[in-house]
Amino acid sequence: MQLAKNIYAMLCKDFKAEFRRKEILSSMLFFSLLMVVIMNFTLNINKDILFENFSGLIWIVFLFTGVLGINRSFINERTNDCYLGINLAVGESSTILISKAASNLAFISIVQTIVIPIFFILFSIKWPLNAFAFLLVNFLGTIGFVFLGTFLSVLTINNNSEILLPIVLFPLLIPLILAVVQASNLILKGLSFQLWGHWLGLILVFDFLYIVVPILLFNFLVEV
Amino acid sequence: MGKKLGYALGIIALLTVIAANYLIFIWVPAEKVMGIVQKIFYFHVAAAWVGFLAFFIVFFSSIRYLLSFNDKWDWLSAASAEIGFVFMTIVLLTGSIWGRAFWGHWWTWDPRLTTSLILWFIYAAYLLLRSGITQQERKARYSAVLGIIGFIDVPIVWFSVRWWRTVHPNLMVEGGKMAISTKMTITLSLSVIAFTLLYAFLLPRVVKLYQLDNRIQKTKDIIRNL
């Protein structure tokens, strides 16, 4: 109960800060829109090939915009020693990780709900029949990505180099990205669950492992 | 490790490497279909074994570090990652050369190849993370965490790529036929032993380097605070 309360309080704080600063959400949104536009200019391929690679393109955009947002989440806590304050207020360190991941997930999901339809419109791809499965797979993929990313961003922010997060994060994410892209490609083609069910299983395993293990290890990263 | 023991290990490793080279280049016959190119296989497999072993040592000593906070384990995992990175590079290079000669192209997205490549990237990330952090204790903790997280990823990568490339024929099984001859098995075993001994010889040396580096840092801190 206390855990839920703390997470809720942290979420409220993050949202309040974001609505005052208007930094993460807007920059992520415009960056991803820019990438969509750039892809439209640079990729001169016919519709069949585009259709085959569509979810791959979406995920390239998600990865780069996601890293942009995740990198900010802990950096903003460094000014005025906010991080110390949070640690003292919350106490349990894994709560910080969970709530930070939750707020990152919320921001990235907001961006995704805007960008995914734009993607479909600009590339003139037909909306999949099984839209729920498509969105579910993408959301589950985002959970794993955001959780691991948030955790690793704690490792990399202390280096004062934001470039390190993608270098550390992307190799680890490869199975997840592979699974999400393959599954959503098959869903886009309207194929049945039997053909992409195992990919969903892989996504779930990845999500589970990379939620549990970071929570167990996060205590080692906290320094007050 | 005692100095004498280290020297003895070095000499044994050197002799084994020479013996393995003799077996590879002179004693063992070349495979009929592939010809002389097949001999790179002895280096390739042995290096791959050491690369994966080194990564397991990183994982193991990372856990030990987080349990004990003893610097010794941090040096061990860092040294193992450094050597493992070199061996993984050898694996990728020799594999590409062999693939070019036998398959006709430098690279395929076979599970084994892809897993090795990802492992190589994780090693690189590990070493980059270490090089960026100046504070000793923090560096040890952070890289231990990454060492554990990275190791967990390897089996998932393996499964995902295998599912992705089910249509792809498993070329390594075809390649496995060449190990039928006993001469080849002996040669391969000896070269695996030689590479493992080389790793066992190098590891304490690199650990020692880390230890000395740590001592220099500590001395510097003392001088600065005078």
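This is a predicted model: local features need pLDDT of at least 70, side-chain atom pairs count only at pLDDT 80 or more; totals for chains, interfaces and linings use all residues.
Let's start with chain B. How many helices and strands does chain B have? Seven helices, and zero strands. Read from the N terminus, its elements go α-α-α-α-α-α-α. Along the principal axes, the C-alpha atoms of chain B fill a box of roughly 70 × 45 × 25 Å.

Now, two of those helices. Two packed helices are described by the angle between their axes and the distance between the axes. Take helix 1 of chain B, residues 3-27, and helix 7 of chain B, residues 182-224. Their axes come within 8 Å. They cross at roughly 150°. An angle over 145 degrees counts as roughly antiparallel, so helix 1 and helix 7 of chain B are roughly antiparallel to each other. The crossing is left-handed. Which residues make up this contact? There are 18 nonpolar, five polar and two charged.

Next, the interface with chain A. Chain B puts 26 residues into the contact, and chain A puts in 30. The size of an interface is often given as the accessible area lost when the parts come together. Here, chain B and chain A bury about 2600 Å² between them. Of that area, 76% is on carbon and sulfur atoms. Which residues of chain B lose the most area to chain A? B:Tyr142, B:Ile149 and B:Trp163. Together they account for 23% of what the chain B side buries.

Definitions and conventions
Residues are numbered from 1 along each chain as its sequence is written. Chains are lettered from A and ligands numbered from 1 in the order in which they are written. Side-chain values use heavy atoms; hydrogens and water are left out. Axes are lines fitted to C-alpha atoms, for helices over the stretch in contact, and angles run from 0 to 180 degrees between N-to-C directions. Helices (H or I, at least four residues) and strands (E, at least two) are DSSP runs, numbered from the N terminus. Angles under 35 degrees count as roughly parallel, over 145 as roughly antiparallel, 65 to 115 as roughly perpendicular and the rest as oblique. A crossing is left-handed if the near helix is turned anticlockwise from the far one by less than a right angle, and right-handed if clockwise. Ala, Val, Leu, Ile, Met, Phe, Trp, Tyr, Cys and Pro count as nonpolar, Asp, Glu, Lys and Arg as charged, and the others, Gly among them, as polar. Contact means heavy atoms within 4.5 Å. Buried area is the accessible area (1.4 Å probe) that two parts lose on being put together, summed over both.
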